[in-house]
Amino acid sequence: MIRVPAILFAFSNSFVFLTSFHALGAERRVHTSDFGKTSHGISVDRYLLTNNKGAEAVVISYGATLVSLRVPDRVGKPADVVLGYDTVEGYERGKSYFGGTIGRYGNRIAHGDFTLDGTVFHLPKNDGPNSLHGGIRGFNNRIWTGVDRSRADAQVLELSYTSADGEEGYPGTLKVKVTYSLPAEANELRIDYTATADKDTVINLTNHSYFNLSDDMTKQILDHQLLLRASQFTPVDSTLIPTGELRAVHGTPFDFTKSAAIGARINQDDEQLKFGKGYDHNWVLERTKKGGLQLAAEVFEPASGRVLEVLTTEPGIQFYSGNFLDGTQKGKGGQLYAHRTGLCLETQHFPDSPNHPNFPSTVLKPGETYRSSTVLRFSTRK
Ligand code: GLA
């Protein structure tokens, strides 16, 4: 080891500090701190992204998870609008996927089986007879590596993970990147996903945040008004596997083509609502040919005035009304999250696509790059 005199060492350190301070500007860097350790003693990083408009996002390296997202209400008062835990242990033990990055395959694969290039692959069944959200230890339970990629106009956090060939039963080594960007001058959190594989595989990545736009996480989300840019949805069987049909929403409780309160029809006598114990379905997004990011959903919470618009490049969105929340999980600040106190809008390809040739393909081949983007845009309304 080369010994450096203490004074020189101190000088070179402050020089490095000053140059990086000038190059990026202190306020334009992601702030990294310690979030604790996993049960195996691995350190988890906490990343804080801030902007000039009163928004703040916290992401951790465990699961590339969005832990909190603070945005202002109509009088400018910021509050956290997502459910989550205060500790790594919460995320390790939690069964609800709060804020997690879901992969390798978001949502369900029937009986945990699919065939690719003539080979049948068997995945762990962790949801009744099916495989859900990447298996027993999906991407939301893995440690990701974070790098600050902030630019002059946005704080940017890139997280990477390499999923081994055969992990949770999926073929091929998959290199995944998830990038969270918070622009300095806009209250929108952008999530970009890219991935490459060394063998044919299937992939469907999403973020599993639960939103409650009121300032009160004990309040149900039934007053939130939802609009979905979709005139069809994919009905399911009693185990929540799509039947393969694309069904018109017109005249059903699944019609959110005009903004409607989530609670207005949720308890109607409808077989699909019974199967889901509420809303837990994939909507087929109306997309124009030009592609790119397009509006998928809009949520308005009348008491706070907060509006969330979800834009995505994906063909589908899973609207889940928090039906499995049951008040037993202790979340942030010791809050117990009761039935339907959070709602998810998971941008995605359709569930069980590997078993439905009529659904858009989720196959990723070597040499190709998987790309998916979602923007969570916040504003307020009277
Ligand atoms: C998804 C599923 C739901 C449920 C939640 C997590 O939204 O579709 O059925 O499993 O994740 O609890």
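## The sheet and the cores

Five strands make up an open sheet here, in the order 1-2-3-4-5, with antiparallel pairing. Keep in mind that this is a predicted model. Strand 1 and strand 5 (78-80) sit at the edges with a single partner strand each, so one side of each has no neighbour in the sheet. On average, and ignoring direction, neighbouring strands of this sheet are turned by 20° against each other. As for what holds such things together, strands of a sheet pair through backbone hydrogen bonds.

Here are two of the pairings:

| Strands | Sense | Bridges |
|---|---|---|
| Strand 1 (residues 31-37) and strand 2 (residues 43-50) | antiparallel | 6 bridges |
| Strand 2 and strand 3 (residues 56-60) | antiparallel | 5 bridges |

Now for some individual partners. Ser33 has Arg46 in strand 2 as its bridge partner, while Leu48 stands opposite Val58 in strand 3. Strand 1 and strand 2 also form a hairpin, with 5 residues between them. In that turn, Gly41 has a positive phi of about 85°.

On to the cores. Which residues have the most contacts inside the largest nonpolar core? They are Leu69, Trp283, Phe319 and Leu345, in a core of 60 residues. Leaving out residues up to four places away in sequence, Trp283 touches a whole list of residues, among them Leu228, Phe233, Val249, Phe254, Pro315 and Phe319. There's also a second, separate core: it has 18 residues, including Val44, Ile60, Val88 and Phe98. In soluble globular proteins, nonpolar side chains tend to be buried together.

How values were computed:
Residues numbered from 1 in each chain as written. Predicted model: local features only at pLDDT ≥ 70, side-chain atom pairs only at ≥ 80, totals over all residues. Heavy atoms only, no water. Core = buried A, V, L, I, M, F, W, Y, C linked by side-chain atoms within 4.5 Å. Buried < 20%, exposed > 50% of the residue type's maximum accessible area, 1.4 Å probe, protein only. Contact = heavy atoms within 4.5 Å. Pairing = 2+ DSSP bridges. Helix = DSSP H or I, 4+ residues; strand = E, 2+ residues; numbered from the N terminus. Axes fitted to C-alpha atoms, helices over the stretch in contact; angles between N-to-C directions.
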